[in-house]
Amino acid sequence: SVPSWINEWEDLEFLYLSNNIITGSIPSTVSQLQQLSVFAVDGNLLTGSIDFLWKLPRLEYAYLEENKFEGFLPTSISVTSPLLVNLDISGNKMKGTLPSDLFTLSALEILDLHANDFEGPLPSNVPTSNLKLTFVALHENSLTKAIPTQLGKLSSL
């Protein structure tokens, strides 16, 4: 498991624990790692909430795919995680609706939320000037309604 004393590494910027057999939940003390910019725990057997993630002000890369995480994305992800470049939480048990400001993250290049249980419409607030977003995977969810026209106009996608 990820030890609860991990917050003692207060200057930690990169945490790579991918593709092991780590079990349990991520301790809430991870949210005290205020310098953390890369959090990679993909390919494990982790459970519980990822609410700690939205308390990391310098987070740029989040790789949490292929675990058993549950919960919701924050209502205003551009407020909690404005520096996100890559968000991959595919293959988990996440649910709820997608944040309305999801596509307004100005640094976002890769968004992979497939194989969860997100529902409702895709956010329609898509700035067509976004030239960074190159990859979006939303399949294997319960999303409804049409794909926003603005999303189709992103030339880098």
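W9 is partly exposed, since its relative accessible area is 44%, where partly exposed denotes the range between buried (under 20% relative accessible area) and exposed (over 50%), computed with a 1.4 Å probe on protein chains only. The model is a predicted one, in which local features need pLDDT of at least 70 and side-chain atom pairs count only at pLDDT 80 or more, while totals for chains, interfaces and linings use all residues. Residues are numbered from 1 along each chain as its sequence is written, and side-chain values use heavy atoms, with hydrogens and water left out.

W5 is likewise partly exposed, because its relative accessibility is 42%. This residue is found in the segment before β1 (14–16); strands (E, at least two residues) and helices (H or I, at least four) are DSSP runs numbered from the N terminus. W5 and T29 are 24 residues apart in sequence, yet their C-alpha atoms are 7.3 Å apart in space.

Aromatic pairs were assigned to rings of Phe, Tyr and Trp (its six-membered ring) with centres within 6.5 Å; planes under 30 degrees apart count as stacked, over 60 as edge-to-face and the rest as tilted. By this rule there are three aromatic pairs. One of them joins W5 and W9, whose ring centres are 5.3 Å apart and whose planes stand at 80 degrees, so the pair is edge-to-face. F39 and F52 also form an edge-to-face pair, with 5.3 Å from centre to centre and 65 degrees between the planes. Because F39 lies in strand β3 and F52 in the loop between β4 (45–48) and β5 (61–63), this pair ties together parts that are 13 residues apart in sequence. Both F39 and F52 are buried.

F52 is also one of the residues in contact (heavy atoms within 4.5 Å) with S31. Leaving aside neighbours within four places in sequence, S31 is in contact with F52, K55 and L56. S31 is found in the loop between β2 (23–25) and β3 (38–40), and counts as buried because its relative accessibility is 15%. The side chain of S31 reaches the backbone oxygen of S28 at 2.7 Å.

The strands were next examined for pairing, which requires that DSSP finds at least two bridges between two strands. β1 and β3 run parallel and are joined by three bridges. Y16 stands opposite A40 in β3.

Another open sheet is formed by six strands in the order β2-β4-β6-β8-β10-β12, and its pairing is parallel. Here β2 and β12 (142–144) stand at the edges with a single partner strand each, so one side of each lacks a neighbour in the sheet. The twist in this sheet averages 15 degrees from one strand to the next. Three bridges join the parallel strands β2 and β4, and T23 stands opposite L45 in β4.

Technical notes:
A polar contact is a pair of N or O atoms within 3.5 Å; within protein, one must be able to donate a hydrogen and the other to accept it, and residues adjacent in sequence count only if both atoms are side-chain atoms. Axes are lines fitted to C-alpha atoms, for helices over the stretch in contact, and angles run from 0 to 180 degrees between N-to-C directions.
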